[in-house]
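This is a walk through one protein chain, from its overall layout to a few of its residues. Keep the sequence and the 3D view side by side while reading.

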Amino acid sequence: MDMPYCFRELRVIKKGVYIFLMLFFFISSAFMLQAQDKQLADEYVRQQEQAKKAAIMRELDSGVYYMDNGDYKKADGIFRHVLATVKSVPSDLTYYFGKNSFHLTLYKQSIDWLNKYIQLKGTNGQFSQEAIQWKTLAEAEFLKEKSKQAEKVQEVLSMDYDIDCGPSGKVVCPACKGDHVIIHRGAFGNEYKTCPYCNDQGILTCEEYNLLIRGKLQAKNSNR
């Protein structure tokens, strides 16, 4: 005996719902697996970055060890290798490289890198006082040899690298020293102009700072 029409329709509908649910389950499972794969991939990349950073910091520590023990050439080689490896230079390296450069009689290089540390950390950095002292010594020695035209090893200057400004990502503008005003001495007295680079608080972003030390930061308010 044939099944009533309404029951046949109901059976078809149930079968359709079942197929839809199965498709929905498989599609949902595929998306979940894809999301899990992406999460695992992101976690792997993060772990690799952490491992790379840890390796760099160990290498940096070894450079500091050699510097503290008077092997300045060995330390210089390590510091230069770290500079060639990192994307963004750790602020502590600007101090170490500047101090070690002084011991290698690379006074201009020493002044440049120590000055970067002072600009980034001000007077509150871990090595701020030492950086100021070494910079003062380097400046004195640089003035002594300025006229000698001594041939030296090619110097590495900080403008060739992106400097890490620290967790805040900001730094006091070195052009106006955070005052947002630049003072020029003229024939008729001092002239005061708004700093064309920083914001109203005398602050630069890390990207702006790195452009400024390369001479590539465009003035924001050149018409003022």
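The model is predicted. Its chain has 224 residues, of which 30% count as buried. The secondary structure comes to six helices and four strands. Among contacts in the chain with a separation of 6 or more, 56% are between residues 24 or more positions apart.

The largest nonpolar core holds 40 residues, and those touching the most other members are Phe79, Leu93, Tyr95, Tyr96, Leu204 and Tyr209. At least two residues of this core come from each of α1, α2 (72–85), α3 (91–103), α4 (107–121), α5 (128–145) and α6 (206–213). The helix that gives the most is α4, with six residues. Apart from its neighbours within four places in sequence, Tyr95 is in contact with Leu114, Tyr117, Phe127, Glu130, Ala131 and Trp134.

Helix α4 deserves a look of its own. How many of its 15 residues are buried? The count is 11, so that α4 is mostly covered. Among the buried residues are Tyr107, Ile111, Trp113, Leu114, Tyr117 and Leu120, but Gln109, Ser110, Asp112, Lys116 and Gln119 are buried too. The cover over the buried residues of α4 includes α2, α3, α5, α6 and the strand β1 (170–172). The length of α4 can also be checked: at 1.5 Å a residue, its 15 residues should span 21 Å, and because its end C-alpha atoms are 21 Å apart, the two values agree. After α4 comes glycine 122, whose phi is positive, near 65 degrees.

Now turn to helix α2, where aspartate 76 lies. Is this residue buried or exposed? Residues under 20% relative accessible area count as buried, and aspartate 76 has 11% relative accessibility, so it counts as buried. Leaving out neighbours within four places in sequence, aspartate 76 is in contact with Phe97, Asn100, Leu104 and Gln109.

Asn100, one of these partners, lies in helix α3. Its relative accessible area is 0%, so asparagine 100 is buried. With neighbours within four places in sequence again set aside, asparagine 100 is in contact with Met67, Tyr72, Ala75, Asp76 and Phe79.

Leucine 83 is also found in helix α2. Its relative accessibility is 2%, so leucine 83 counts as buried. Not counting residues up to four places away in sequence, leucine 83 touches Val89, Leu93, Phe97, Trp113, Val156 and Tyr161. One of these, Val156, is 73 residues from leucine 83 along the chain, and the C-alpha atoms of the two are separated by 9.6 Å.

The last stop is the largest pocket, with a volume of about 370 Å³. Its lining has 11 residues, and those closest to the pocket centre are Lys53, Ile56, Val86, Lys87 and Ser88. Which helix supplies the largest share of the lining? Helix α1 (residues 5–68) does, with five residues. By type, the lining divides into five charged, four nonpolar and two polar residues.

How values were computed: Residues are numbered from 1 along each chain as its sequence is written. This is a predicted model: local features need pLDDT of at least 70, side-chain atom pairs count only at pLDDT 80 or more; totals for chains, interfaces and linings use all residues. Side-chain values use heavy atoms; hydrogens and water are left out. On a 1 Å grid over the protein atoms alone, a cavity is a set of points where a 1.4 Å probe fits but cannot get out, and a pocket is an open set with protein on both sides within 12 Å along at least five of seven lines; lining residues have an atom within 4 Å of a point. Grid points are joined across faces, edges and corners, and a volume is the space filled by probe spheres set on the points. Ala, Val, Leu, Ile, Met, Phe, Trp, Tyr, Cys and Pro count as nonpolar, Asp, Glu, Lys and Arg as charged, and the others, Gly among them, as polar. A nonpolar core is a set of buried Ala, Val, Leu, Ile, Met, Phe, Trp, Tyr and Cys residues joined through side-chain atoms within 4.5 Å. Buried means under 20% relative accessible area, exposed over 50%, partly exposed in between (1.4 Å probe, protein chains only). Contact means heavy atoms within 4.5 Å. The expected span of a helix is 1.5 Å times one less than its number of residues.
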